[in-house]
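Here are my notes on side-chain contacts and strand pairing. Please read them with the model open.

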Amino acid sequence: MKLGKIDFCKIQKMTAIEIVVLVLVFFAIGIYYSPNFMHKKDVMMAAKIKADNAIFTAKALEEFAQDKNAKASTIAKKVADELNVTTKNPYDKKQDAYSFNEECKSCNNVSYDDNNEMIILTTFNKKGELIARTVIKPPSFVVYSIEDDKKSKK
């Protein structure tokens, strides 16, 4: 049977070996590109965490500015409770984004020191590696992130 210029009767069928080779080629390409996708996901989560920490920092500094006599513990709890309603934990949607539990991996650990009027945000990934740390001491703050450490070592 001829249809136009193509003779469908002469087209050879693919053998099982050719199909296996084709599948292996696609599999190899997938393995080659998958680490890049996984790394991009980690970078996106770290960026989300940095943005969340920046929002927490801004709100905490605003609270310190409004009430000069407020304790760091009161402000930390108020801001954490307010942001936990709207902010999701990027690693685990079931956990709060901000926690006062120091054992919490993959969330923003909030600690405070009322004597020094200081709030500390520490963020770890699921492996327990430090991603970012923010120290808020009115009227300023200091941010450390793992990317900063990598840049300084180069």
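1. Start with Tyr-98. This is a predicted model, and in it Tyr-98 has 2% relative accessibility, so the residue counts as buried. The cut-off for buried is under 20%.

2. What is the relative accessibility of Phe-56? The value is 0%, so Phe-56 is buried.

3. The structure contains two aromatic pairs. Phe-56 and Tyr-98 make a tilted one, with ring centres 5.0 Å apart and planes at 35°. Phe-56 belongs to helix 1 (residues 16–66) and Tyr-98 to strand 3 (residues 98–99), so this contact ties together parts 42 residues apart in sequence.

4. Phe-100 and Tyr-112 also form an aromatic pair, and this one is edge-to-face. The centres are 6.1 Å apart, and the angle between the planes is 70°. Phe-100 sits in the loop between strand 3 and strand 4 (108–113), while Tyr-112 is in strand 4, so the pair links parts 12 residues apart in sequence. Phe-100 is partly exposed at 33% relative accessible area. Tyr-112 is partly exposed too, at 34%.

5. Now the charged side chains. How many salt bridges are there? The count is three.

6. One lies within helix 1: Asp-52 and Lys-48 are four residues apart there, about one helical turn. Their closest N and O atoms are 3.0 Å apart. Is Asp-52 buried or exposed? Asp-52 counts as buried, at 5% relative accessibility. Its partner in the salt bridge, Lys-48, is partly exposed at 36%.

7. Lys-59 and Glu-82 meet in a salt bridge at 3.1 Å, N to O. Lys-59 lies in helix 1 and Glu-82 in helix 2 (residues 72–86), so the pair ties together parts 23 residues apart in sequence. Lys-59 is partly exposed, with 27% relative accessible area. Glu-82 is partly exposed as well, with 37%.

8. Lys-78 forms a salt bridge with Glu-63, and the closest N and O atoms are 3.0 Å apart. Here Lys-78 is in helix 2 and Glu-63 in helix 1, so the pair connects parts 15 residues apart in sequence. Lys-78 counts as partly exposed at 42% relative accessibility. Glu-63 counts as buried at 15%.

9. Last, the strands. Strand 6 (residues 130–137) and strand 7 (residues 140–145) pair in the antiparallel sense, over six bridges. A hairpin of two residues joins strand 6 to strand 7. Which residue of strand 7 is the bridge partner of Ile-136? That partner is Phe-141.

Definitions and conventions. Residues numbered from 1 in each chain as written. Predicted model: local features only at pLDDT ≥ 70, side-chain atom pairs only at ≥ 80, totals over all residues. Heavy atoms only, no water. Phe/Tyr/Trp six-rings, centres within 6.5 Å; stacked < 30°, edge-to-face > 60°. Buried < 20%, exposed > 50% of the residue type's maximum accessible area, 1.4 Å probe, protein only. Pairing = 2+ DSSP bridges. Salt bridge = Lys/Arg side-chain N within 4 Å of Asp/Glu carboxyl O.
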